[in-house]
Amino acid sequence: MAYTQVYRSGTARVLGAASVVVAVSAIATVLVYGTAANPVRYLAPFAMVGTLGWLAYWRPRVVLDEQGVSLHNVFREVMVPWPAVRDVHSRYGLRLDTAYGDFNAWAVPAPVGRARARGTETEAAAMVRQRLERLRAHNELGVGPGGSDEPQVRVDAAALAVVITLALASAAGFLLG
């Protein structure tokens, strides 16, 4: 089983692209038609809108590979090795239960309406569950990377730094502009 599956929400990607297009259009409008004070005041807030749209809607994804499930969320990435996954839930999106706690995927929208009432699984939850069941059936769970089944959590410091910098620049632009 040497293949990788990636799940990204199509609707979220449309929203992410739309927020970036709106932000770039707003920045271009300010640069072309604005006064000297406008760029200082408005560039950082518009850049922040585009950045947050990209971070929140375009970038999140769920990746399944031989090692386990990687949840790429807005400011955090979690790699959950297959042996650590106890159960998969999808009533409110994708949630992986492990001995080390529960981990949620930002990229997976919750089922709505009748699908939620019927307990219909999301596409991503079905992908994870099928892969996990296949590994269990073939007794291929083994151990996680580095001999441990403990999930690896990494905070995306660069994304956080960019958002904080843009927030401070926005505040400064409004205070000084």
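Before looking at any pairing, I note that two strands count as paired if DSSP finds at least two bridges between them, and that helices (H or I, at least four residues) and strands (E, at least two) are DSSP runs numbered from the N terminus. The model is predicted, so local features need pLDDT of at least 70 and side-chain atom pairs count only at pLDDT 80 or more, while totals for chains, interfaces and linings use all residues. Residues are numbered from 1 along each chain as its sequence is written, and side-chain values use heavy atoms, with hydrogens and water left out.

I then went through the pairings. β2 and β3 run antiparallel and are joined by 4 bridges, and a hairpin of 3 residues connects them. β3 and β4 pair in the antiparallel sense over 5 bridges, with V80 in β4 as the bridge partner of V69, and here too I find a hairpin through 3 residues. Strand β4 (residues 76–81) pairs with β8 over 4 bridges, again antiparallel, and M79 stands opposite Q152 in β8.

I take contact to mean heavy atoms within 4.5 Å.

**Entry: S70 and its strand**

Is S70 buried or exposed? S70, which lies in strand β3, is buried at a relative accessible area of 12%, where buried means under 20%, exposed over 50% and partly exposed in between (1.4 Å probe, protein chains only). I checked the strand as well: 5 of the 5 residues of β3 are buried. S70 is the bridge partner of V63, and, leaving aside neighbours within four places in sequence, S70 is in contact with R61, V62, V63, V78 and M79.

**Entry: the nonpolar cores**

I use "nonpolar core" for a set of buried Ala, Val, Leu, Ile, Met, Phe, Trp, Tyr and Cys residues joined through side-chain atoms within 4.5 Å. The largest has 23 residues, and V62, L71, L94 and L96 have the most contacts inside it. At least two residues of this core come from each of β2, β3, β4, β5 (85–89), β6 (94–98), β7 (101–105) and α4, and α4 gives the largest share, 6 residues. Not counting residues up to four places away in sequence, L94 touches a list of residues including V62, L71, V88, F103, A125 and V128. I also noted a second, separate core of 5 residues, which includes L55, A56, V74 and A159.

**Entry: F174**

Which residues does F174 touch, not counting residues up to four places away in sequence? I find R41, Y42 and P45. F174 is in helix α5 (residues 157–176) and is partly exposed, with a relative accessible area of 41%. F174 and Y42 are 132 residues apart in sequence, yet their C-alpha atoms are 8.0 Å apart in space.
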